[in-house]
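I opened this notebook page to record a look at charged side-chain pairs. The entries follow the order in which I checked them.

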Amino acid sequence: MQVSTKKNPPVWTTGWTDILNTGTWRSAVPEHQNRPSPCQAACPLGGEIAVWLQQAREGRYQAAWLTLAVNNPFPSVTGRVCHHPCEGSCNRGEYDGAVTINALEQFIADLALQEGWTLPSPADGRDIRVAVIGGGPAGLSCAYQLRMRGADVTVFEAHPELGGVLRYGIPGYRLPKEIVAREIQRLLATGIKIQTNTIISEQNLAELEKDYSAICIATGAPKAKLPPQFSGDDPGVLNGLQFLLDVNRDHIPSLGQHVLVIGGGSVAMDVARTARRLGKQVQVLALEDRQSLPAQVEEVREALEEGIVLLDGAMVQEKVKQNNRFKLTCNKVVLDSAAPAGVLKPIVKPGTEFQLVTDTVIVAVGQDPELAGFSASLPVKNDLLEIDDNQATGRAGIFACGDVASTERYVSMAIGGGKRAARSIEAFCRGRSSADDGGAVGTEPVPCQEINTFYFPMTPRKEKETIDPELRRQDFREVKLAFSAADARIQAERCFSCGHCLQCDNCYYYCPDLAIVKDSMPEPSYSILDQYCKGCGLCVEECPRGAIMLKEVKR
Amino acid sequence: MTRMLLNGNHAAAHGVRLAHPKVVPVYPITPQTPILEKISEFQLQGIMDADLMTMESEHSAMAACITASLTGVRVFTATASQGLMLMHEMLHYASGAQTPIVMCNVNRTIGSPWGFWPDQTDSLAQRDTGWIQYYCESAQESLDTVLQAYWVAEKVLLPAMVMHEAFYVSHALEIVDIPSQEIADAYLPPFNPPHRLDPEIGASWGNVVDQDMFNRHRETLGNSMEAAVEAALEADKLWKKLTGRGYGVIETYRCEGAELIIATTGSMAGTVREAVDQMRDHGVAVGLLKVKLFRPFPVDLVRRTLDGVPKVMVLDRNFAPGTGGFLHHELKAALYGLQNGPVIHGYLAGVGGTNVPPVKITGLAQEALEEEPTVLSVWKG
Amino acid sequence: MINVAYEIAEEKIFCSGHHACPGCNAALAFRYIVNTLGKDTIAVVPPSCGAIISGPQPLSSMRIPVYQTTLEASAASAAGIKRALKTQGKDHVHVVAIAGDGGTYDIGFQSLSSAAERNEDIIYICLDNEGYMNTGAQKSSSTPYLAYTTSTPGGKPTAKKNVAEIMAAHRIPYMATATTGYLDDLANKVRKAKDIRGMRFIVILIPCLDGWGVADHEGAKISRLAVQTGVFPLYEVEYGTKYTLNYGSQGIPVAAYINRQKRYRHLSPEQIDEIQQVVDADWENFKAKFTT
């Protein structure tokens, strides 16, 4: 309270309230924070999806592609075959449909190939020499990340060409070989050395250990599992992996008119749809029922559209060969839900017996790594090379990634594993690993409740167009068409940009106390004025994308 | 100068015209309506450049006066009785804002019950609102006092009301000298207050102040009100110089050697003048004390005037329950402690508009000379 | 690029450091009103939360002159200022009255209606928080049906007065409704009003956090629900005849709006139904005004 000793002042005001400190009122203060988007958290290779989508929105496609390339050297591949868990976790899925991240990745990546954009130059160094055994997606991803960190990398590949399942597994109608070749070629231009037609065995391993600072084993899972009824030699029974390998090498095997594919995963679908394109009548018999098939939903749907018959929840009990044809006695089954994880225990449903007649059986019930060459010197568990969280095997300097060390058999998982292995190898060789992820780590991804959907008018999601089933099963042309540039623009707009501030200024506009100011140096951002912020949280509520959070203030 | 036959209302209207107010919020009520009607005519004729605001109530009329004045222009309005009552909140607001508004209030009885009769209670009941108050007995005086009121109000920065009674003055015709515009302009400087609502200045007015500030502000108002006596005397002196007409803040008539002085305000003073002449003719030593400036009450002047006078008879055409006659009340307070002060008879005469002719006054004077006074006011019809 | 939802040009008139409650939507409205009208403005504020927001003496939260008036007299006071300015040749200075619903719908209604009838050249903005919130949440004639206030603890038995339509019926040049959840619409309406001569009236729905029982950060969100449920459509009327709908009902059930406010906590499902029916019927009738 003022003490009156002065002359009577007039009762007119003499100044402004901005000298008052209302910051002392608050018990919470907002903070702009770069937080992981759920898509990034779900992405097996940790892609900064919100960042490259924003770059795409701005029309800066090359920048978007470079952001993709930080974590993934094959976006044209993943843009076609990835099982897109990003879309499954997309916050927009709760609203009007997930963002079409996969299709947009494809659009940007194809543009990169079209424009001939090159990968960034690797760091200098060549102080460490690393051998990567296996030229599939895991091995190539590991090689790429190491090469970008300045390592001298050599990839050893058993087959004549690099690519692994990309080249020799996934059929051309899902993944054109030309795309694979061009992305690998672009990758090799960074200076990765290769030795194809080379199989590494136990003995070679010891030599490699002398010549290289570290080794990464990425030999995949090329050994087909065979159920007991179908092991042994019968020309009418084919192994699915071999079948695809042959077709991808243009050695079309001879098939009877009726083909039965046994298995419910992606490989089984690939096999079935390939056989269909070879003009055959195809049925697929799987233990799991339709909703539980390991194959992607789209793959199953497309297979059915192409005229493939699905016999789900069934298994073969008896096989009889007659007149060069197979007569199979089958039963409907349910899978025992009490079985341990990863183990399929079918229970026959009584009274559901049925007969199948077919000329060729192709088995695609799973695959294992070929461990014969390594099992003496490296720990093995559950038919996999055993690794820790850093992709390290029990033996110093030897790491593993991809299908050889994991049962999560997705291309994106392989790429992610390869990246993790590269980081670990670098840490092993140099004592430290360089940071790569954009800093949005260690915090929870933005949940959908924090998205303010008022700011997002409903816009429908657009699916990739598929070619008419009648047309597409006639050959191996790509089944799904990429977005047009116009569609890409519209669909990219749908990204909420969860946790990534886009400088939309909502926080600035919604402050009743003008306590948020816009800074422009060194780059556009915001500051909270300590003297005024009352901690009401309007800015947090009005942020469309959860890029600002309230933090408790302790006094 | 023009000479015209005018009633009190129209005379006041001419006074207002000469003062050039820029904004005139109006609301009709008997018996002041002719003031505003005349002003409307002047405006329509183009001889008065004022913006008339036809408000929907007196309260709003005063609200608009305050803000227009605070924006820095001269304003005017008029009212009476109920209208003044309705304005009561805003009267306080106006003086608190130190806005030099001039308002004519035609004294009329206040309801309930209804009446339209001359009675000064309406304005006297506002004596605490911080407004300067003048009571006029004639049309001429009203015209002259309007201009004096602007002079004083703008000098001390307090609002001022100029009273004349319903019908006795408001509607009665007399010969009035209307000064020229040149004289009025020479008399009243333009109004240009340094503190005002103006984006160029940017200061704001009126929000909650703390106790200390409030206390000091009230003291400021008190000081302004005290300064108004001097200012009023000055204003009157100047006016006399320019027009030959002066009224003082009080007027004494034939008070030399008076045994009894009759004190009153407003039109009653005119009737008392007659009564005094009659009584003097019969050898009774009586005189008239007319109080023109009621607020601020010219305490020193009144004390000096009544010092040594044996008796005073107050005639109040006004009354408040518990207070009695207002002039009676003020005089008792003003004369407190005066060693040789008079005894005071407070007579309520004319309350509610009853007729008080000279013969009644002489009768009352006789009573006052003979009887002992009472502390409280006495009803004399 | 849908990056930016709002692009609002502002002059720097409104100051930080004012004493509004944290999250106050009335302060938000003040910001956009005075920052849009700019420095050649004089504001009139009656007793209300606005008086608190105006700043504690001797400081002001607005870099323009602000006159605090009595509760009944906002429109009359504003008119007096504008008339005076005109006589001073300062007709370019805007005069805006920013009053609460008490000072607009109730005690201030008379002077408002009269100012409208005289087509005074002022902007009158009502910050409508549906009650006498500054004095602790008593009922005003703007309080909606069944809402709790301290003077209607069982829920207000009568409907909210429709001041927007009443003012439209005065046929003034411009009447609009607005709310803080649609910030650009609010600022646009003030900007539009700024360029019109004659009486302009805008009523802005302001959720009062304390009075309605709403979380500090949810004011704007609640105001949007008021619009989207059809309780408070955003529209404009010019000269009493030309109706333009800006944002109307999106068919969201009124329960979505009601259930977020503690002042409706006591409502039974039947009462909510009743409100829904009234809202639906009102919306049907109201829509008819917009078919051209």
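Which residue forms a salt bridge with A:K554? I worked throughout with a predicted model. In it I found A:E552 as the partner of A:K554, with the closest N and O atoms 3.4 Å apart. I then looked up accessibility for the pair. A:K554 is exposed, because its relative accessibility of 71% is over the 50% cut-off. A:E552 is likewise classed as exposed, at a relative accessible area of 61%.

Next entry, also in chain A. I noted a salt bridge between the side chains of A:R461 and A:E463, at 2.6 Å from N to O. I recorded A:E463 as partly exposed, with 47% relative accessibility. A:R461 has a relative accessible area of 25% and counts as partly exposed.

I then turned to chain C. There the side chains of C:E236 and C:K192 meet in a salt bridge of 2.8 Å, N to O. C:K192 belongs to helix α7 (residues 183-194) of chain C and C:E236 to strand β8 (residues 234-238) of chain C, so this pair ties together parts 44 residues apart in sequence.

For the overall tally, I recorded 86 salt bridges over all chains.

Key: Residues are numbered from 1 along each chain as its sequence is written. Chains are lettered from A and ligands numbered from 1 in the order in which they are written. This is a predicted model: local features need pLDDT of at least 70, side-chain atom pairs count only at pLDDT 80 or more; totals for chains, interfaces and linings use all residues. Side-chain values use heavy atoms; hydrogens and water are left out. A salt bridge is a side-chain nitrogen of Lys or Arg within 4 Å of a carboxyl oxygen of Asp or Glu. Buried means under 20% relative accessible area, exposed over 50%, partly exposed in between (1.4 Å probe, protein chains only). Helices (H or I, at least four residues) and strands (E, at least two) are DSSP runs, numbered from the N terminus.
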